[in-house]
Amino acid sequence: MRAAIVRKKGMLSVEDIPDPFMGPYDVLCQQQFGGVCAATDRHLIRGDLPIPGISYPLILGHESIGRVVERGPKVRNLAVGDLLARTGARDTDGLKATWGGFAQLGLGTDWRAMREDGLGEAEWKPFAVNQTIPAGVDPAAATMMITWRETHSYISRLGVAPGSSLLILGSGGNGFSFAVLARALGVATVAMAGNPRWSDLAARAGVGAFADYRDPSAVQALAREAPAGFDAAIDAVGATGGIEVALPLLKPEAPIGMYGIEALGERMAALGRIRETGRKVHGPGEYSEAEAHEAVLALLEAGKLDASLWFDPSTAPSLEQIQNAFDAIEAGRSLKAVVRLSS
């Protein structure tokens, strides 16, 4: 099969690799579409993702949707024809799957059968992200499920409540996901500091006030949206100085979340210092993608989530043309992009 490989830092190619090997609880999937994560995927290509344990060469992609074409002998909760979230290749032939989504074939796992058969949580839980997508959902648009599930879980765990006010730092794909989900969940006031090229799109997403993140006075002027202070803030970028900018705009008891990891080590230290003041803080990775699946599907079916805010699902380049998807993001033509993985 063909897959997108980063052989070394700065080198993306599409190559032949071995087809996946199925285990008894696995399903083989014909990969349909894969979403390009503007942050993680580009960091992996550049070689500067601030997460330990990354090694090269690797199989790229973690936002893919596959269609089940074959079942292992112990699979009983997934059927041939099902659309499945977060499928992908696995480690093979000297290649690490990080996380293997950009491939023509991928694997999913019947984690419920593993749990029913008495396997330990540590064995089945990593596969709980493999959940089915209703047949009527466009599989290209469904690549957004991964982002929506992560950010839904994060914002819910942070404790953002209906009728409250939220400040978002960052106007990338994740920042917009937080904005759209906040409004869908009943947040009354959403303000954003980000790149002004996305200010019109922010209004479409339900953001009430937008400020250029490079203009400190404009950011501080967002206080007009919540005169008593914002009820919560989320830093969707995690760059140096971000959460410090937000603090004066918050109520004293307001929680702050740092979802982005651009300057991970330094930002975790900053978050620790804020925690010591008694403020509730929420760090990167404090979410469960799997737990938000049904809630996100409900919002999607209610018409409150629309992938076209992030990219045009009808214009996906092929896997062989994956560089075009990265070029579209780099040029600012869309927040994210999607790649067609099968013909």
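**View 1. Pro57 sits in the loop between helix H1 (40-46) and strand S4.** Helices (H or I, at least four residues) and strands (E, at least two) are DSSP runs, numbered from the N terminus. A cis peptide bond joins Tyr56 to Pro57. Its omega is about 0 degrees. This is a predicted model: local features need pLDDT of at least 70, side-chain atom pairs count only at pLDDT 80 or more, and totals for chains, interfaces and linings use all residues. Residues are numbered from 1 along each chain as its sequence is written, and side-chain values use heavy atoms, with hydrogens and water left out.

**View 2. Trp99 lies in the loop between S7 and strand S8 (105-109).** The peptide bond from Thr98 to Trp99 is cis. Omega is near 0 degrees here.

**View 3. The loop between strand S6 (83-85) and S7 holds Arg86.** Asp93 is in the loop between S6 and S7. Arg86 is not a glycine, yet its phi is positive, near 65 degrees. Asp93 is not a glycine either, and its phi is about 50 degrees. Buried means under 20% relative accessible area, exposed over 50%, and partly exposed in between (1.4 Å probe, protein chains only). Arg86 has 23% relative accessibility, so it counts as partly exposed. Asp93 is exposed, at 63%.

**View 4. Four strands form an open sheet with mixed pairing.** The order is S2-S1-S4-S7. Two strands pair if DSSP finds at least two bridges between them. Strand S2 (11-16) and strand S7 (96-98) are at the edges, each with a single partner strand, so one side of each has no neighbour in the sheet. Neighbouring strands are turned by 40 degrees against each other on average, direction ignored. Strand S1 (residues 2-8) runs antiparallel to S2, joined by six bridges. Ile5 has Ser13 in S2 as its bridge partner. Helix H12 (residues 322-330) packs on this sheet and touches S1, S2 and strand S4 (58-60). Contact means heavy atoms within 4.5 Å. The direction of H12 makes about 155 degrees with that of S2. Axes are lines fitted to C-alpha atoms, for helices over the stretch in contact, and angles run from 0 to 180 degrees between N-to-C directions.

**View 5. Six strands form an open sheet with parallel pairing.** The order is S12-S11-S10-S13-S14-S15. Strand S12 (209-212) and strand S15 (281-282) stand at the edges. Strand S13 (residues 232-235) pairs with strand S14 (residues 256-258) over three bridges. Ile234 stands opposite Gly257 in S14.
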